[in-house]
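Please read it beside the structure.

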Amino acid sequence: MKFNKAFWRDVRFLKWAGQIAFLLFIFNLISNFVSQAIENLNATNLPFSWRFLGTTPGVLISEGFVTYPESGLQALQVGMANMLRIAISGIFVATILGTVIGVARLSKNWVVQRSSSGLVETVRNIPLLVQIFFWQAVILSFPRPEEIDRGEMIFDISAKGIAFPWLDAQETSWLFGVWFILSFIAARRIFKWRVSVMESEGREAYPGIASFITFIAWNVGGWFGGYKAVGVIGFVASLLSDGFELLPRIGIQSLIIFIGFYYSYKYISKEIKRTRSAENRGILTDDDIFKIIMAGLLVLILAIGLFLPFGITISDFLVGDEPFFKADWGIPQFLDGVQNRLNWELTGEPFTLSYPEIIQAGQSKFSRYSPDVGKVMSVGYFATWMGVIIYTSVFISEVVRSGIMAVAKGQSEAGLSLGLKRSTLLRLIVLPQALRIMLPPMGNQYLNLAKNTSLGIAVAFPEIVAVGQTIYNQEGQTVAVFLIWMAFYSTVSLVLSSIINYYNRKMKMVER
Amino acid sequence: MQDNKTLESPPEVQFAGVSRWLKENLFSSLSSSILTVLSIAAVVSVFRAIIGFFISPEREWTAVTYNLQLYMVQAYPESDFIRVWITVGLLIFLLGLSWGFNSLKEKVIIKEWCDGLLKGISSFLFIVLIAPTSVDVEGTTVEVFSNNTRYICLAVGVGLILTVYLLRKTYPKNEIVRDRISFLYLSLLVGSIWIIKVPTVTFTSSNERVDPDPFLPLANTTTIPWTIIFGFMIFAYLIGSFLKAKGKNSMSRLILSSWVLAPLVIVSWIYRKPDFGMSNILTLDIPIAVTFSILGILAIRTLNSEKIVPYQRYITYGMLVLSIVIFFLPVLRQLKILFFITWLLVSVAPTIANSKESAKNLSIVWSVTVFILVLLMRGASSESLIVVPGSSIYGGFTLTWLIAFFGIAISFPFGVILALGRTSKLPVIRIICTAVIELVRSVPFITWLFFWKRYAHTLST
C-alpha cells in the first residue's frame, strides 16, 4: 500500500485501526466479563467445568423419554426433547388453526367474522404467561382421578391431565416409519404423473384420487409385511459400517481436512473470480479481503483442532478415556443403530393400540394415569402447549389475513371470469401469491413459538430451561448450562429460519 | 391493491331492512346458514363456559380485592402513601395537560355515538342472557347468577337501550365533542367508585374471618384521592385547551420534556423520600448551580465574539480534556457530570446561539437544565428514608410502569446503534453487531432473565 500523505490521516489506515480498536474493546469487555464471573466461581469452590454432563444428577424429571436420567447430558437431552415436542406439534397445529382464524376473519358471514376478530383482539392483548396460567387453572378445575369412578375409559380429562389411546411402537415401527415417509414420495410422484397426463392429453386424469389411492394401498401393503423392503437400507448401513471400521483413524481426519481445504479453495477462487468483472475491475474491497482471510483461517483452525488434544473435558465425555478428539464422530455406531432398527428379519405388527388406565400412585390414597399404557398429556404440557398454540395462531391468522388481502383483487376476478371454482381459485391463484408474502413473517412467528415454549417453566413443564435450572441449582455450573441453552436455542432458530429461507427462495417470483 | 374497506369494515346495520341484512350477512347460502348456526352455538357455549369459570365461587376473587394494594405498590409503607398519590396525580395531571393541548376537538354526530352505545349495551345484554345460572363445584351445583339478578340486569339494559334510542331519534343531526364523551365516561367511572360494593375479607373483633365475605363499599382512602385527581385532570385539560387557544406553541416542547422529567423526578425525589439535608442544598447545590449557569451564559455570550472565534476549537478541546481529568478526580459526582455538560454546551453553543434571540433562549434552557440536574442528582444520591425490609420500595404496578418507561428509553437508542452497526460497511463492526443481534434474539427472554440474575448473583458473592 502506498500512502501519499501522513498515514494517520489516510482513510484506509483509519478504517482498519478503528475496527481493530473496536475489536480489542469488545474483546476486553467480554474477557473482563467472563474472567470476573470465573474468578468469582473459583472463589466459591465451584470452578468452571463440563464434568456434570457425565455424572448422575440424581434428579427426577416429571416427564420425558427418561425420568431418572443417568447423566447431566441425558437430563438436558430430555429437556431438549420435551421442548422440541411442544415446538414441532405446536407449529403444525398453530399453522392450521391460524389459517382457519385468518380465513374466518375474511368471511362474509357476520357472526363468523365478528367472533374471530374478537378472539384475535382478546388473545393477542394478554401476555402469554397469563394465558399459560389460565390453561393450567382450567385443567386443574377438573376433578381429581380418585374423586370419580370412571371404569373402562377411552378418553379422559382430570386434574392430572388428559389421557387418550395411543399407538405403542413395536420392534418393526422404524421399518414401517421409513415406509410411511416413502409413501408420501410415491403419492407425490403419481400426482405429478397424472397432472402431466392431463396437461399433455387434455383429458381428466384424476390426479388427486390416484395419488390418494396410491397412498392408501402403499401403506396397507406396508402394514401387512411390505415394510420389509426398507430392510435394504439397514443392509447397506451394515456394509458401510464394516467399511468404516477398516479405515484408519488418520485417514478419516485427513479426509475431513482435505474436504475443508477443497471447499475453502473453491470459495476463495470464486470470490476472486467474481471481482474480475467489468464493474469491479479486479479490485478487492475490504469485505472481500476479510471473507478470504476468514475462509482460510477457519479451515486452518479446523485442521489444527482435529489433531490437537483440544478441550480435553469435552472429548472426555464424548469418548470416555481417550484424550484425543474422536475422529470417526460416532458414525459406525450410528450405522450399527440403523442396521439394528431397519433389519428385514424383524416381523410383527409395527404398532399396537393401548388404552389409558388409572393406577394407585405409590402407597398413597391418590391415583394417577399409568405411564405405560395410552398417552397422557400432563398439566404442564397441556398448559404450555395450549397457551403457545392459541397465542401464536392469532398472530399467524393476522399474517394469513394480510397475505390474502395483499393479493390484488383483479387476480381473483380474472380467475372467476375464467370460470374457476372458488376452491380452485383459492388453491391455484390466490394462495400461491399470498404464500409468497406470508412466508417471512410466518417464519418469525415460528421462531417466537419455539422461544415461547421456555415459559413452560412457569407451570413446571420440564423443558430445557427448567431442566437446566434444576441442574445448575444442584451442580452450580451456571455458565456451562447457559452456554448449552444458547447453543441449543440458536441451533433451533437457525434450523427453522433456514427451512423458511429455503421455501422462500423456492417460492420467490422469477425475476428477469 | 384492493379496497381494504370492503373486507375490513363490518356490514352496516340498517334498522330499516333487518330481514334483508340478516339474509345478506348470515343466510346468504346453505353453507353460510349452517356456518351461522354452528358458530352461534360455538360462541354461546364458549362464552357460557368462560363466564361460568370466572364467576364460580372456586375462583376466590376476594384474593384480588383484598390484596389490591399489594398488586399496586407491594410493600410500600402505608404512612407514606401520599407520595404514591402525588406520583399518580402528577402523571395524570400531565396526561390531562397534553390531552387538552393536543386534542383535535373532534366532533361526533350524536346518531353515530348512539349507534356505538347501542352495540355496547346489546353486547352486555347478550352476556347477561347467556350467563349460566349455576355452576358445578366439586360435584355439587351452586347458584352463581340468580334469575332475579338476570331480570334486573335485563330491565336496566332494555331501559338504557330505549333511552339511547330516544336520544338518537330526538337529536339525530346534533354534534358533540368527543372529549366530552370521554369525560362523561370517566366521571361515570369515578362516580361509580363511590357507589359500588365489592366482596372483601373481613375479620371480627375476635379475629375470626366473617363468612360469607360481606360486600363493602370502597375505603375513603381510595375514593377521595381518585376524585381529587380526577378534578385535577379536568383542570389540567382546561389549562391545556386554554394554552392551545392562546397559540402558545412552545408549550408542546415543555409538555414533552415534562414527560421525560416526570419519571426521573418520581424516582429521585417523590418515591424515595430522600434524606437530602437543607444545608446541603443551600451551601452546596445552589452555589454550584448558580456558578455553572453563569459560566454557561458567559460562554454563550462570548464564544461568538470576533476575538474568541479563532480560539473556539482550542477552548472546546481544553474543556474536553478538563472534564476527562475531573472525571477521574475524587470530587463531587455533580461536578463531574456538570463539566461534561459544559463541554457539550461549549461545543454546540457557537452553532446554536448565532443570533441574540437564540442566545437568550439557550441561556434560559441552560440555567434551567443545570438547576434541574443538580437537584435531581441531589435527590438520587441521598439516602432513602423509606426502607422496605426484604424488598425494594418499587413493586407491583409501580415497577411495571417504571421498567416499561426506562426500558423503552434505553433500548431505543441502543437498538438504533445496533441497526446502524449492522448496516456498516466495516466488516468487523458489522459482524459483531450481527452476532449480538442474532444471539440475543434467538435465545428466549426468560433465559436472559436467568442469565443476568445469576450473573449479578456471581458478582455479589
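The points below go from the basis of the model to the fold of one chain and then to the interface.

1. Basis. This is a predicted model, in which local features need pLDDT of at least 70 and side-chain atom pairs count only at pLDDT 80 or more, while totals for chains, interfaces and linings use all residues. Residues are numbered from 1 along each chain as its sequence is written, chains are lettered from A in the order in which they are written, and side-chain values use heavy atoms, without hydrogens and water.

2. Fold of chain A. Chain A has 16 helices and seven strands (DSSP runs: H or I of at least four residues, E of at least two). Its C-alpha trace spans about 85 × 75 × 55 Å along the principal axes. Of its 512 residues, 38% are buried (under 20% relative accessible area, 1.4 Å probe, protein chains only).

3. Domains. An automatic or database assignment sets the bounds. It gives domain 1 (7-47), domain 2 (53-164 + 377-507) and domain 3 (175-341) in chain A. The C-alpha centres of domain 1 and domain 2 of chain A lie 39 Å apart.

4. Interface extent. Chain A puts 52 residues into the contact and chain B 43 (heavy atoms within 4.5 Å). About 4200 Å² is buried between chain A and chain B, with 69% from carbon and sulfur atoms (accessible area lost on being put together, 1.4 Å probe, summed over both parts).

5. Interface charges. The rule finds zero salt bridges between chain A and chain B (side-chain nitrogen of Lys or Arg within 4 Å of a carboxyl oxygen of Asp or Glu).

Definitions and conventions. Buried area is the accessible area (1.4 Å probe) that two parts lose on being put together, summed over both. Buried means under 20% relative accessible area, exposed over 50%, partly exposed in between (1.4 Å probe, protein chains only).
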